[in-house]
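Look at the model below and find the open spaces along its surface. The paragraphs that follow take the pockets in turn, with a pair of helices between them.

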Amino acid sequence: MNTTTPPAATTPTHQAPPYRLPSTPYRITPSRILRSEWHKLRSLRSTWITLTTAAALVLGVGLIMGGTYTSGGGDSDVDVVVLTLYGSLLGQLCVIVLGILVTAGEYATGMIRSSLTAVPTRLPVLWAKAAVFSVTVLTVMSTTALTTFAAAQLFLHDTDQAASLTDPGVLRALAGNAVGITLLSLIALGLGSLLRSVPGAIGAFIGGVMILPEVLGMLPYETVERALTYFPTQAAGALGSATPIPGTAAPGPALLALCLWAAATLAAAALSLRHRDA
């Protein structure tokens, strides 16, 4: 009896698909860098403590000036916005220190290494910090200026310093006050990134931006006196007045000068960030 052996079963072969690297869902984009810097800024307790302190100083001094003012006194010739926002001199110091902490503080803690590792091109980190910080400060200080002016006018409405937002130059001066503080804080942010030291940047700002113009002002030269009107603090002061202040620059040139100071400081910080190790 013949038996036939069935053919051996063959297993079909399938060609393996070519290996593909998994596509990462995360890419470095400007919006994500901005979101990261905003998260870092708002998650720090010092941010809100400093901004709240600055706003409280401006509002508190404004209420004191309004509540103690009497018509015909020694302050009757002071611009109404300057009188109302006199506390901005104290508030801007808080914001300036915060600007330095935003950049130099990361170098002090070493967190800057993580930021630059995530964004190897580096410069977008600085631009994102400047953008997030400036928008935050401008929003807070604009709101504070409007609130302080309105609150102070509750006391000043029956004096010779009574004014409203519709009066000539008032809104411009309130906005100029907030813009001036914001640009000064951007200069501080740039110094913090450039010097990478919180005490060093604070000393440089106080010495170079606040004290140096006062020292140069003692020189008996008209050219020096004219040039000093375009220094940062003097230009910022010219922006916050509803009426022209003698011996200061006009609001337009003062704003341009302050923008150039901030841009120059950030450009120097960018150059340092590009060529120095973290």
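In this predicted model, the largest pocket is lined by 22 residues, and those nearest its centre are L89, T233, A236, G237 and A238. Its volume is about 550 Å³. Several helices take part: α3 (80–84), α4 (88–109), α7 (170–195), α8 (198–216) and α10 each supply at least two residues of the lining. Of these, α10 gives the most, with five residues. Sorted by class, the lining of the largest pocket has twelve nonpolar residues, nine polar ones and one that is charged.

Helix α10 also packs against another helix. Two packed helices are described by the angle between their axes and the distance between the axes. The axes of α10 (residues 232–239) and α11 (residues 251–275) come within 8 Å and cross at roughly 140°. An angle over 145 degrees would count as roughly antiparallel, so α10 is oblique to α11. The crossing of the two helices is left-handed. On the α10 side, the residues in contact are P232, A235, A236, A238 and L239, and they meet P251, A254, L255, L258 and W261 in α11. The residues of this contact are ten nonpolar, with no polar and no charged ones.

The second largest pocket has a volume of about 300 Å³. Its lining has 17 residues, with K40, L44, L101, V102 and E106 nearest the centre. Here α1 (30–43), α2 (45–68), α4 and α6 (123–156) each supply at least two lining residues. Helix α4 provides the largest share, six residues. By class, the lining of the second largest pocket divides into eight nonpolar, five polar and four charged residues.

Terms used
Residues numbered from 1 in each chain as written. Predicted model: local features only at pLDDT ≥ 70, side-chain atom pairs only at ≥ 80, totals over all residues. Heavy atoms only, no water. Axes fitted to C-alpha atoms, helices over the stretch in contact; angles between N-to-C directions. Helix = DSSP H or I, 4+ residues; strand = E, 2+ residues; numbered from the N terminus. Parallel < 35°, antiparallel > 145°, perpendicular 65-115°, else oblique. Left-handed = near helix turned anticlockwise from the far one by under 90°. Contact = heavy atoms within 4.5 Å. Nonpolar A, V, L, I, M, F, W, Y, C, P; charged D, E, K, R; others polar. 1 Å grid on protein atoms, 1.4 Å probe; cavity = no way out; pocket = protein on both sides within 12 Å on 5 of 7 lines; lining within 4 Å. Points joined across faces, edges and corners; volume = space filled by probe spheres on them.
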